[in-house]
Amino acid sequence: MNRKILTLTLLLAVVPGVATSASVYKWTDENGVTHFGDRQPTGSKAERVNVRSGTSTDASGNRQSPQERLQNMQEQQNEQAEQRKETAVEEARRKQREANCATARSNLELIERNARIRIEENGEQRYLSQEEIAEKKAEALRIAEENCGPVKNSDQQ
């Protein structure tokens, strides 16, 4: 008697779980009529319905495999690394422009302040002529204009 009651109790406990774990599919036919069934129909797109929550998921296999997820994650990491690399290149360009600007302004200040400018060439020192001073001043102005002004896009350079 106890064995029969135990078997019946166990059976009653298991049956609802088995019934709710069965797959239910939902699809719409050519006429727009919605159907439900325990088998996925052939030739039409069906959604798997979660019987417990009432929500549906696409049964056609849109879920990504672990390999696809890994590949997507690697692609995202590569994109982020490329963006960081571009940012580092832009930062290096900005610092180089700042250094060029400071040098050009310093050279302009020296040219404006001194009437005679002495340089060393081939181990000998000599003074620049007025024409050479004008050339150096024009070059310093050009460098200052290129590097001290607003940032230009790389397409314009």
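How do the residues of the lining of the second largest pocket divide into nonpolar, polar and charged? They split into 8 nonpolar, 4 polar and 2 charged. Here Ala, Val, Leu, Ile, Met, Phe, Trp, Tyr, Cys and Pro go down as nonpolar, Asp, Glu, Lys and Arg as charged, and the others, Gly among them, as polar.

Before going on, a word on the model. It is a predicted one, where local features need pLDDT of at least 70, side-chain atom pairs count only at pLDDT 80 or more, and totals for chains, interfaces and linings use all residues. Numbering starts from 1 along each chain as its sequence is written, and side-chain values use heavy atoms, with hydrogens and water left out.

**Overall layout**

The protein chain has 3 helices and 6 strands, and from the N terminus on they run α-β-β-β-β-α-β-β-α. These are DSSP runs numbered from the N terminus: helices are H or I with at least four residues, strands are E with at least two. Of the 157 residues, 11% count as buried (under 20% relative accessible area; exposed is over 50% and partly exposed in between, with a 1.4 Å probe and protein chains only).

**The pocket**

Back to that second largest pocket: its volume is about 270 Å³. Of its 14 lining residues, the closest to the centre are Asn107, Ile111, Ile117, Lys136 and Ala140. H2 and helix H3 (130-148) are the elements that give two or more residues to the lining, and H2 has the largest share, with 6 residues. A pocket here is an open set of points on a 1 Å grid over the protein atoms alone, where a 1.4 Å probe fits, with protein on both sides within 12 Å along at least five of seven lines; lining residues have an atom within 4 Å of a point. Points are joined across faces, edges and corners, and the volume is the space filled by probe spheres set on them.

**Salt bridges**

The count comes to 7 salt bridges, each a side-chain nitrogen of Lys or Arg within 4 Å of a carboxyl oxygen of Asp or Glu. Three of them are listed here.

| Pair | Closest N to O |
|---|---|
| Glu98 and Arg94 | 2.5 Å |
| Arg126 and Glu132 | 2.9 Å |

Glu112 sits in helix H2 and Lys137 in helix H3, so this pair ties together parts 25 residues apart in sequence. Lys137 is partly exposed at 30% relative accessibility. Glu98 and Arg94 are 4 residues apart in helix H2, about one helical turn. Both ends are partly exposed, Glu98 at 45% and Arg94 at 36%. Glu91 joins Arg94 and Glu98 in a network of salt bridges.

**A buried arginine without a partner**

Arg97 also lies in helix H2 (residues 66-113). Arg97 is buried yet has no salt bridge, and the nearest side chain of opposite charge, Glu146, is 7.5 Å away. Still, a polar atom of the Arg97 side chain lies 3.4 Å from the backbone oxygen of Asn147.

Most residues other than glycine have a negative phi. Asn122 is not a glycine, but has a positive phi of about 50 degrees. Asn122 is found in the loop between strand S5 (118-121) and strand S6 (124-127), and is exposed, with a relative accessible area of 82%.

Terms used
Lys and Arg count as positive and Asp and Glu as negative; His and the chain ends are not counted. A polar contact is a pair of N or O atoms within 3.5 Å; within protein, one must be able to donate a hydrogen and the other to accept it, and residues adjacent in sequence count only if both atoms are side-chain atoms.
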